[in-house]
Amino acid sequence: MPRVCGLLLGWTLSGEQRKTCKRRTHTGKMSQGNGREISSLCQGVQILRPKPQSPLGRKDKMKIDKRDKIFSLLVRQRAEWTCEACHKKYPENSAGLHCSHLVSRRYQSTRHHPLAAAAHCFACHQRLGGNPLEFAEWIRNHLGPEKTEYLLAMKNTLRKRTQPEKEDLYQQLKAEYARMMELRKQGKRGRIEFRAFDEAVLERREKAARRT
Ligand SMILES: [Zn+2]
């Protein structure tokens, strides 16, 4: 069933009688004006181009914040922009390599934990995301049984982070990324690990306690 879009603003004429809304997902009549860009509600009928879906499905769709963005960079830079499943190499900052979450991002305690994500190319992400048994086996091989158990236990220590903690987490992730990039600049190749937030905070608190 074709649906009328009715949501998107702005039309651009692309071709003689063809009008496409700015996202280029709809085509159809313009509600007013002719042959020039106008601003109006899209009256287009949705053409069959499904929106790209997360391989993990609808359930995993949640807002991506600045921590998630830097975490994603950390995970992919850690793997030197190489898919950790098929080992295909990607250029730096390529959108073809994903930060693949081994535990749903719903769990705050593991959401930004180094063990809880890996770099996967689009194809591997799709395949593993669509095959939970294969994914579980991959994780166990990738992390080893001990770390897998640790991750599973940690996932259930769910607690909400306070706003200062969230900011602390962001600063920590940023610092780890800067450290990683510095090592790359010095010519370090291969995998570079980064530290988990809570461990880093713990360490900092212990240091402060020793000083006083
Ligand atoms: Zn791959």
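Trp-81 counts as partly exposed because it has 17 C-beta neighbours inside 10 Å; with C-beta atoms placed from the backbone, a residue is buried if 20 or more others lie within 10 Å, exposed if 12 or fewer, and partly exposed in between. The model is predicted, so to speak with its own limits: local features need pLDDT of at least 70, side-chain atom pairs count only at pLDDT 80 or more, and totals for chains, interfaces and linings use all residues. Residues are numbered from 1 along each chain as its sequence is written.

Trp-81 sits in the loop between H1 and E6, where helices (H or I, at least four residues) and strands (E, at least two) are DSSP runs numbered from the N terminus. Its phi is near 55 degrees, a positive value in a residue other than glycine. Just after H1, Glu-80 also takes a positive phi, of about 55 degrees. His-87, found in the loop between H1 and E6, has a positive phi of about 65 degrees without being a glycine. With 10 C-beta neighbours inside 10 Å, His-87 counts as exposed.

Turning to the helix itself, H1 covers residues 66-78. Its buried residues include Phe-71, Leu-74 and Val-75, and their cover includes strand E6, strand E7 and helix H6; contact requires C-beta atoms, placed from the backbone, to lie within 7 Å. H1 and H6 pack at about 30 degrees with axes 10 Å apart, the axes being lines fitted to C-alpha atoms over the stretch in contact and angles running from 0 to 180 degrees between N-to-C directions.

Methods. Expected span 1.5 Å × (residues − 1). Contact = placed C-beta atoms within 7 Å.
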